[in-house]
Amino acid sequence: MELDKMDENDWKYHGEGNKSLVVSHIQLSRVLRLLKYPAEDSENPPQTAEQAFRQIQNIVDFSSNVMSSLLGEKFIHSGEVVKLPLEFVRQLSIKVQHQRPVWRCDKVMDIYSGCALCLPNLTSPPLHQPTHTPPLCIEIKPKCGFLPSSKHVSKDIKTRVCRFCMHQHYKVTTTTWKQCSLYCPLDLFSGNRQRMHFAIRHLIEEPQNNFKIFKGGQCIYSSKEGGDDSMDLNSLLNNLRPYLQSGNNRINNHMSSKPVLNDFIQVLANALLSEGGDGGVVMDRQEEGRSFCEASVFNKERIHHGAQGLPSDSVLFRILQTQMLDTLDIEGLYPLYRRVEQHLQDFPKERTRLQIDGPYNEAFLEKLQKCPSEDDGSVEYAAAKVHQYRVSMTAKDCSIMVALVPRNEEEEGDEGQRWIRDFLSSRPPAFSYSVSILDLDPKPFDSIPRQLRLDQKIVSCYLRTGGALPKGSLPPLPGIFTAGENEDCRLLFHPV
């Protein structure tokens with residue numbers, strides 16, 4: 001890209017989160033991520049151009065120096081900070097404004113600093129050739145995949161029901177979402193194919209903000225509350241059929257719903273379990289009881305084959321290991337946060353030495369990796385535990401992007417290319433694929449008190465209602481599968 005020849009007409013609205021807005025180039029596989037701030041500050045930006053540059057550079061440094069080491073370089077795309085012409089940014093803001101969801105318009109795009117983060121467009125992978133079938137890209141926000149075992153946990157329910165399931169209950173009760181998702185992260189992170197299939201199926205049934213599908217860079221399936229771009233399941237099936245049929249099936253288009261969805265889920269699960277190296281399967285180190293969430297609707301008795309555990313070089317394993325840097329739970333961490341906060345009130349200049357706001361370099365990584373196991377009462381120990389917690393929170397809130405590109409039978413294999421092939425029914429469908437992790441921003445030090453308050457609200461809401469949801473908040477079962485398709489048929493033979 002030539003920064004001095006930027007044209008807003010070469011870019012289109014791509015999406016946005018709470019803190020930034022993303023636009024994608026209409027030809028190049030590139031996106032620009034621009035900061036947002038509250039609409040009431042639109043005339044007076046809350047920070048200078050230098051501060052905005054430093055904020056974005058911190059995101060790049062945190063991703064490349066900290067998260068890349070913990071999650072694996074092969075999964076990370078850190079990007080680079082770019083300075084854009086201000087007139088281009090202003091015209092771009094005007095162009096995309098009408099495409100933004102109404103409920104996101106309480107914040108405006110930063111048009112004053114000219115700073116942005118330039119990243120590859122993971123929904124439109126560069127390995128795709130224009131003459132081939134458009135790539136499919138699936139974005140999953142897996143959330144926290146383990147139950148806390150810290151002695152500091154005050155409510156026993158937190159060791160039995162996962163945070164996501166309790167938070168779902170809270171969101172439905174407070175009308176953030178109309179329907180409760182039956183997805184449970186512990187099922188996805190289990191490594192057991194039945195449980196993973198079950199989890200992905202429920203992400204499809206109720207995607208909320210946790211599941212999106214892109215085709216050729218365009219979002220074709222997402223939350224129904226996300227705007228006009230979301231599509232129903234029949235539309236999704238019509239989009240998936242050409243990718244999952246072969247031979248005559250590709251032509252007659254008669255492949256029924258269940259095989260299409262099952263094949264799609266199987267290919268996606270294979271990608272999530274795939275390894276880039278020679279790592280082996282790591283068995284689940286949690287006790288049997290703690291590997292299940294009591295709120296999950298998956299029936300444990302249905303597991304009739306397959307071990308629990310994730311391949312040690314898979315994307316799910318790396319994310320889970322990083323999440324588990326949170327060894328104390330927010331309840332155990334908060335007193336350590338207060339220790340650091342008090343120290344900084346007495347010695348404000350210590351904020352730099354303790355790297356509270358960065359820089360996110362090798363020294364920062366070393367501090368959290370070499371944190372002693374026992375509390376020695378020092379502020380250094382407390383700061384290191386806070387850093388560990390912040391990193392774990394980033395891993396709990398990250399997204400996985402799986403890009404699938406159909407491989408034609410006549411195409412020759414490439415030794416450097418990875419393949420997923422469905423052998424169960426002797427059909428191809430073969431895909432080249434890539435797996436990436438995104439949304440790896442550092443969590444602010446000052447957000448920890450808010451995290452504690454939210455945790456208390458979620459838990460108290462769940463306990464107060466006994467885990468019962470308001471009437472009509474559960475998705476209608478059997479959902480996207482007919483009653484006959486809901487469970488695989490099993491024959492049990494008993495000796496007579």
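**Salt bridges, burial and strands**

Guide: The side chains of Arg 351 and Asp 446 meet in a salt bridge, at 3.8 Å from N to O. This pair links distant parts of the chain: Arg 351 sits in helix H11 (residues 350-353) and Asp 446 in the loop between S14 and H14, 95 residues apart. A word on the source: this is a predicted model, where local features need pLDDT of at least 70, side-chain atom pairs count only at pLDDT 80 or more, and totals for chains, interfaces and linings use all residues. Residues are numbered from 1 along each chain as its sequence is written, and side-chain values use heavy atoms, with hydrogens and water left out.

Visitor: What makes the contact of Arg 351 and Asp 446 a salt bridge?

Guide: The rule asks for a side-chain nitrogen of Lys or Arg within 4 Å of a carboxyl oxygen of Asp or Glu. Arg 351 and Asp 446 come to 3.8 Å, N to O, so the label applies.

Visitor: Why is Arg 351 called partly exposed, and why is Asp 446 called exposed?

Guide: Buried means under 20% relative accessible area, exposed means over 50%, and partly exposed is in between (1.4 Å probe, protein chains only). Arg 351 has 25%, so it is partly exposed. Asp 446 has 51%, so it is exposed.

Visitor: What touches Asp 329, leaving aside its neighbours within four places in sequence?

Guide: Pro 148, Ser 150, Val 153 and Lys 158 are in contact with Asp 329. Contact means heavy atoms within 4.5 Å. The C-alpha atoms of Asp 329 and Ser 149 are separated by 8.2 Å, though the two are 180 residues apart along the chain.

Visitor: How many salt bridges are found in the whole structure?

Guide: The search finds 25. One of them joins Arg 100 and Glu 16, at 2.9 Å, N to O. Arg 100 is in the loop between helix H2 (86-97) and S5, while Glu 16 is in strand S1 (residues 11-16), so the pair ties together parts 84 residues apart in sequence. Both Arg 100 and Glu 16 are buried.

Visitor: What about Lys 141 and Asp 439?

Guide: Their side chains meet in a salt bridge at 3.5 Å, N to O. Lys 141 has 16% relative accessibility, so it counts as buried. Asp 439 has 35%, so it counts as partly exposed.

Visitor: Why does Lys 107 have no salt bridge?

Guide: The nearest side chain of opposite charge, Asp 106, is 5.9 Å away, and the limit is 4 Å, so no bridge is counted. For charge, Lys and Arg count as positive and Asp and Glu as negative; His and the chain ends are not counted.

Visitor: What makes a group of residues a nonpolar core?

Guide: The members are buried Ala, Val, Leu, Ile, Met, Phe, Trp, Tyr and Cys residues joined through side-chain atoms within 4.5 Å. The largest such core has 75 residues, and Val 66, Ile 204, Phe 211 and Leu 272 have the most contacts inside it. Helix H8 (residues 257-273) gives the most to this core, with 10 residues. Apart from it lies another core of 21 residues, among them Leu 333, Ala 382, Tyr 389 and Met 393.

Visitor: How do you know that S2 and its partners pair?

Guide: Two strands pair if DSSP finds at least two bridges between them. S1 and S2 have 5 bridges, so they pair, in the antiparallel sense. S2 and strand S3 (residues 30-38) also pair antiparallel, over 5 bridges. Gly 15 has Val 22 in S2 as its bridge partner.

Visitor: Why is strand S2 called mostly covered?

Guide: In S2 (residues 20-25), 6 of its 6 residues are buried. Ser 20, Val 22 and Ser 24 point one way, and Leu 21, Val 23 and His 25 the other.

Note on methods:
Helix = DSSP H or I, 4+ residues; strand = E, 2+ residues; numbered from the N terminus.
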